[in-house]
Amino acid sequence: MKKDNQNHYSTTDTEKNIHTDFTNNMTYGEYLQLDQILSSQKRLSDHHDEMLFIIIHQVSELWMKLILHELNAAIESIEKDDLSTSFKQLARVSKIQTQIIHAWDVLSTLTPSEYMEFRDSLGQASGFQSFQYRMIEFALGYKTDHVLKIYKKEPALYIELEKAYKAPGLYDVAIKQLKKAGFPIPNKILNRDYSTPYKENQTVREAWLAVYRDVDRYWDLYELAEKLVDIEDWLQQWRFRHMKTVERIIGFKQGTGGSSGVHYLKKVLDQRFFPELWDLRTEL
C-alpha cells in the first residue's frame, strides 16, 4: 500500500472496484428518489423549527407505510395458515413501532414558544387526519365510520380506506385460527360485520385461556397471541408519548384539527384491540 501525505495508508490500491462513473448507471439517489423526498420539506413560515416539525411527521408517515405493508402481509399469511411467516412480519412491526416512539423524543425538543411562532401556518391540518394511522387502526380492528368523512375530498383515497374499513382485521384472522385448531368459536364471531369494532366474547376468551394453559400443545397460537400483545403494547406506548408531547408543547389547547387535544388523546388510551389477550392474564 502507498502512504499519503499524512502517513495514513491510502485505500487507492485496495478499493479499485468502487464505482465512480454513473453516466449510464443508476445512482443511490436515483434509486431512492432523493430529489423528490428531500425537496418535500416546504415550510409555510420562516421559523427555523418548522423544519423539525415537518420532517418528524414525514418520517413517521414513512414508518407507518412500512407498518401497513407488514400488517397486511401478516394478515394474508395468517389467512393462509402460514403462521411462521406472520411471526416475522409482526415482529418487524413491533420494531418499527419503537422507532416511531423515539420520534416523539426529538419532537419534544420543540418548546411552546417556538411552536407558537408557526402553528397558525398549519391552518386546520392535523395528525388527526393521517389516513395511514386510520388504516393501522382498521387493520387492528378499531373501526369508526365518522373519520371516513375527512377523506371524501380525495375519492381514490376514500375508496382505499372504505375497503380497509370493511375488511377483516388482524384479530379476526387470529380468531379464525382458534376455530381451525378445534375451538368452538361461534359463527356470529367468525362471520361478523367487520366494519364494526370487535366486542369481547366469552368463547374467544376461554379459547385463548386454553392456549395459554397448554403452551406446548398450542405453541403457534401462543406465539401469535404474544405477537399481538407486543403490537398493542407498543401502540399504546406510542399514544402515550404522543399525548405527553402534545401536553408539553401546547398544554390543553384545542388541536389544529378541531379535536380537544390532550383530552382526546387521553381518551383513546382506553381503546383496546385484543381484549381477551389482556384479560386472561388476570385469570391465569
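How many aromatic pairs does a search of the whole structure find? The search turns up 13 of them. Pairing here means that rings of Phe, Tyr and Trp (its six-membered ring) have centres within 6.5 Å, with planes under 30 degrees apart called stacked, over 60 edge-to-face and the rest tilted.

Before the views, a quick note on the model. This is a predicted model, where local features need pLDDT of at least 70 and side-chain atom pairs count only at pLDDT 80 or more, while totals for chains, interfaces and linings use all residues. Residues are numbered from 1 along each chain as its sequence is written, and side-chain values use heavy atoms, with hydrogens and water left out.

**View 1. W219 and Y222 make a tilted aromatic pair.** Their ring centres are 5.4 Å apart and the planes meet at 45°, so the pair counts as tilted. Both residues belong to helix α11, 3 residues apart, or about one turn of the helix. (Helices are DSSP runs of H or I with at least four residues, strands are runs of E with at least two, and both are numbered from the N terminus.) W219 is partly exposed, at 45% relative accessible area, and Y222 is partly exposed too, at 22%. For these labels, buried means under 20% relative accessible area, exposed means over 50%, and partly exposed is in between (1.4 Å probe, protein chains only).

**View 2. Here is helix α11 from end to end, with G251 after it.** The helix has 32 residues and spans 47 Å from first C-alpha to last, close to the 46 Å expected at 1.5 Å a residue. That expected span is 1.5 Å times one less than the number of residues. G251 follows α11 and has a positive phi, near 65°.

**View 3. The largest cavity has a volume of about 110 Å³.** Its lining is made of M64, I67, Q97, I100, Y133, I136, L140, I231, L235 and W238. The elements giving two or more residues to that lining are α3 (50-79), α4 (83-107), α6 (131-139) and α11 (219-250), and α11 gives the most, with 3 residues. By class, the lining has 9 nonpolar residues, 1 polar and no charged. (Ala, Val, Leu, Ile, Met, Phe, Trp, Tyr, Cys and Pro count as nonpolar, Asp, Glu, Lys and Arg as charged, and the others, Gly among them, as polar.) A cavity is a set of points on a 1 Å grid over the protein atoms alone where a 1.4 Å probe fits but cannot get out, and lining residues have an atom within 4 Å of a point. Points are joined across faces, edges and corners, and the volume is the space filled by probe spheres set on them.

**View 4. The second largest cavity comes in at about 30 Å³.** L140, G141, G169, L170, Y171, D172, R192 and Y198 line this one. Its lining has 4 nonpolar, 2 polar and 2 charged residues.

**View 5. Five aromatic residues form one cluster.** The members are Y142, Y171, Y198, F273 and F274.

**View 6. Q33 and D81 each have a positive phi without being glycine.** Most residues other than glycine have a negative phi. Q33, with phi near 55°, sits in the loop between α1 (28-32) and α2 (34-37). D81, at about 65°, is found in the loop between α3 and α4. Q33 is partly exposed at 41% relative accessibility, and D81 is partly exposed at 45%.

Terms used: 1 Å grid on protein atoms, 1.4 Å probe; cavity = no way out; pocket = protein on both sides within 12 Å on 5 of 7 lines; lining within 4 Å.
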